[in-house]
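Subject: Structure for you to look at

Hi,

Here is the structure I promised. My notes follow it.

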Amino acid sequence: SWSLHHHRTARRPHARASTMLAALTRRTARVATRRTRATAVAAPATAARVKSSRVATARRARLASSAAPADGVVDPTALVVERTTQPKRKLPEDELQFGRTFSDHMLTVHWDMHRGWDAPRIEPYANLSLSPASSVLHYAIECFEGMKAYKDAAGAPRLFRPELNMQRMAASADRLCLPAFGEAQLLECIKELVRVDESWIPVTDGHSLYVRPTFIGTTDWLGVGPTTSALLFCILSPVGPYYPTGFKPVSLYAERSAIRAWPGGCGNRKVGGNYGPTIKPQVEAAARGYSQVLWLFGDNDQCTEVGTMNLFMFWRNEHGRDELVTPPLSDGTILPGITRRSILELARQWGEFDVVERSFTMPQVVAALKEGRVHEMFGAGTAVIVSPINKIGYDGTD
């Protein structure tokens with residue numbers, strides 16, 4: 001639910017003092033207009049509610065027409081729904097922390113190389129049972145996605161550009177030799193899960209229902225090789241702002257000693273192995289008084305990503321032109337963020353300044369700051385939406 005009409009900055013030549021960032025933040029933090037490029041997940045008014053362990057006939061027919069199953073992928077028409085008999089207590093929305101609370105139900109789909117995909121199931125939220133030898137536990141055969149559901153002005157649930165998340169998850173799965181699942185087919189199952197737990201979607205500005213599809217290898221074998229069994233599951237979490245400080249600006253520590261990603265690696269895939277090793281540098285940055293890590297790469301201190309966010313700088317470049325710049329996707333070190341893509345598309349549509357994807361370095365940032373050419377910097381991602389940056393610790397100086 002992304003409106004292209006109200007993100008516009010002022011028509012003055014320089015949209016300074018966080019004018020552009022404020023516009024992006026207001027709209028992306030709320031995503032409240034929910035009018036264009038939205039994927040509606042509300043059931044038609046005439047559709048029957050799911051009251052048995054099987055999806056209602058009308059719902060199955062609709063699923064079949066919207067995402068017909070193909071050989072070797074998840075079959076949404078076989079979806080089984082088992083509702084909980086012990087609903088959880090919901091926290092007040094002003095008490096929600098990011099990723100700490102989970103809804104009543106989850107989606108699970110098992111895969112085996114011999115029998116293919118089992119029928120997908122929506123069932124009460126519960127712990128998983130895995131062999132201690134499962135490949136996910138030893139070799140990080142795991143990928144995931146982060147999506148959000150909102151309520152629109154009419155109270156219907158909406159997902160923000162979920163087809164792009166499905167595309168990215170398919171690319172991540174392919175990198176790990178996990179099986180194809182069918183992007184449209186899995187999305188239909190996720191939409192049904194959101195419908196079942198629709199009452200868990202917060203309505204407070206800046207809040208949403210975080211949707212976490214996850215795909216893991218479950219082969220009980222200690223050899224290193226393609227998995228022969230896998231589990232695809234999805235859980236839901238009602239969330240408030242990602243940072244404890246809410247939507248206030250964050251401070252960054254420019255990290256040289258640890259490398260998040262490198263050319264030819266898997267930094268452009270959303271795999272668990274990209275995230276665990278970043279925790280220690282993050283803890284060290286926090287001990288220095290900074291909110292997040294700015295990941296640098298190479299001898300020239302090339303700027304890459306911010307914590308788990310894509311990095312943007314709005315500045316006047318060396319040629320005197322106002323420019324929104326973000327690192328490119330060309331060498332595989334940058335995650336192709338959905339929010340990143342949306343911001344680039346919006347800014348290009350405005351046509352008020354140059355929008356480029358290219359590398360830039362911390363020495364360039366420092367020089368531009370000294371010359372007063374940096375209008376603003378911010379990070380962007382599904383969890384944080386748009387997060388302004390107020391300082392960067394680099395070479396002992398903020």
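L137 is exposed, at a relative accessible area of 54% (exposed is over 50%, buried under 20%, partly exposed in between; 1.4 Å probe, protein chains only). This residue sits in helix α3, residues 135-139 (helices are DSSP runs of H or I, at least four residues; strands are runs of E, at least two; both are numbered from the N terminus). L137 forms a nonpolar surface patch with L128 and L130. Together they have about 250 Å² of accessible area (Shrake-Rupley method, 1.4 Å probe). Patch members have over 30% relative accessible area and no salt bridge, and nonpolar side chains are joined within 5 Å. A salt bridge puts a Lys or Arg side-chain nitrogen within 4 Å of an Asp or Glu carboxyl oxygen.

This is a predicted model: local features need pLDDT of at least 70, side-chain atom pairs pLDDT 80 or more, while totals for chains, interfaces and linings use all residues. Numbering runs from 1 along each chain as its sequence is written, and side-chain values use heavy atoms, without hydrogens or water.

Now the inside. The largest nonpolar core has 36 residues (buried Ala, Val, Leu, Ile, Met, Phe, Trp, Tyr and Cys, joined through side-chain atoms within 4.5 Å). Helix α5 gives the most to this core, seven residues. Apart from it lies another core of 22 residues, including L311 and M362.

M362, V365 and A368 are the buried residues of helix α8. They fall within an arc of 125 degrees seen down the axis, so they line one face (the arc is taken from directions, helix axis to C-beta atoms).

Best wishes

Note on methods: Patches are made of residues with over 30% relative accessible area and no salt bridge: like charges are joined within 9 Å, nonpolar side chains (Val, Leu, Ile, Met, Phe, Trp, Tyr) within 5 Å.
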